[in-house]
Amino acid sequence: MFNFANNIAFMRSVSIAIAAILLVAACGKSKKPDEQAFLNSLDSAKKGPTIDEEVINSILQQIPSPLEISVLLKESGTKYNFSLLNTPDNLPKYNSNYKKALNLGVYGTDLGYTNIYQQNKDGIKYLSSIKSLANELNIGQFFDIETIGRLATNSKNLDSLLLITTENFNSINHYLQTQGRANLSVLLLTGGWLEAMQITCQVAAKDPKNKELREKIGEQKIILEQIVLLFGFYKEDENMASLLNDLNELKAAFDKINITYTYKESTMEVVNGVAVIKDNSTTTIDITDKDVQAITGITNTIRTKIAS
Amino acid sequence: MKKVILSIFSISLIAFSTPLASQCNSENFANACIPKLGSGFNFLKSYKVDSEGGAKEKVEYSYVFTKGTQYMINLCASGSATDGIIVTIFDSGRNKVATSKINGQFISAIAYPCNATGIYYIQYTFDGAGGKCGGSALGFKR
């Protein structure tokens, strides 16, 4: 009996065969210009010989969003300060893909900072630079500048603006990782992290008694350890090896900080269909003024190298 | 000739738009979870959760949670709310910190005010027979 299900199965087989023929035909043709441009654009950060992409991707996904720090700064009453950011006018300085990827991350953090503070005029300047860098790295298709630009003109759209910006950066990172170009993703996330570090350190320098900010700096030790681990996969790349040296210097300053973790079982209750956890574990972060100064100095030096 | 081309096009459309029983579009579930994050939470990540027809016992991701920040992780699946998918958070020492299965009840969201900065594992496991397909989103607020 040739029933409907069989009919669908038959049609599926036929269409898959047709699709396969079309695919083979398409593969036989020469590469599209944009695909070729993408391949050509990867001048820096060659693939390592035996890089385990799965391990790299699993570390990459741990790196927290710089947006968390911007929210902390705003919630703690810190005033908006454009001079802390890397000016979007620096764009023409970024000629290599190494610099482009790093500063795409830097500008991403700066955009998040302007968004959180609802400084839309500044945000739009960053949008333009971000779009240029993303286009030059052939990942511009993931950055929806029209929608973001439209949302940025109205302060009521903050939630949507933050959402779409985060989604776009997540898509870029995911794409780079699935294309076997996780090195660019490492640079993008490192640039973003360093910019957030730099902003936090500058704010903390003006407010040295702010315990929360000092702790925030101290706990970045955990993230830097992961970043250094990632750079270890790309030692053969000259640019990344050089940045790794700088990051190791920063790590040495962080190594003086003690983070003590104490686990205590959590308690949970269900409130309005949500499992609300009471976290009874704690961390204490021992960080001195001298540690903060050392970290601030090294961070500033690295960030200047990246942005200039 | 036109009829032949039209027929092939129509057949292709029907065939590709009819999902196989075992297909899992976890990305759709993950995206559907984003707007379901609680009020005031900023979106951070979306996660695909696919047991690959029962071949996988767990799906795991990791993230650095920071002290003083409240996180929310939710679950989306077809059918009943979580379709037997459980999300559990472990600290870096693999101590259990939170779970969405409480007293045998499957909860579709966890609110986790973090009190200790560190690397945490977000693990999805599957309760019951058969393949499980879903998605999840992570958000934060101060």
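I looked up where helix 7 (residues 145–152) and helix 8 (residues 158–178) of chain A meet in this predicted model. Thr147(A), Ile148(A), Leu151(A) and Ala152(A) of helix 7 meet Ser160(A), Leu161(A), Ile164(A) and Thr165(A) of helix 8. Contact requires C-beta atoms, placed from the backbone, within 7 Å. Helices (H or I, at least four residues) and strands (E, at least two) are DSSP runs numbered from the N terminus.

I next noted that the axes of helix 7 and helix 8 of chain A come within 9 Å and cross at roughly 155 degrees. Axes are lines fitted to C-alpha atoms, for helices over the stretch in contact, with angles from 0 to 180 degrees between N-to-C directions. The two helices are therefore roughly antiparallel (an angle over 145 degrees).

I then turned to strand 1 (residues 258–262) of chain A. None of its five residues is buried, so strand 1 lies largely in the open; buried means 20 or more other C-beta atoms within 10 Å of the residue's own, all placed from the backbone. Strand 1 pairs with strand 4 (residues 282–286) of chain A in the antiparallel sense over five bridges; pairing needs at least two DSSP bridges. Thr262(A) has Thr282(A) in strand 4 as its bridge partner.

Finally, I examined the two chains. Their contact takes 39 residues from chain A and 41 from chain B. Helix 1 (4–28) of chain A gives the largest share of the chain A side, six residues.

I record that residues are numbered from 1 along each chain as its sequence is written, and chains are lettered from A in the order written. Local features need pLDDT of at least 70, side-chain atom pairs count only at pLDDT 80 or more, and totals for chains, interfaces and linings use all residues.

Notes
Buried ≥ 20, exposed ≤ 12 C-beta atoms within 10 Å, placed from the backbone. Parallel < 35°, antiparallel > 145°, perpendicular 65-115°, else oblique. Contact = placed C-beta atoms within 7 Å.
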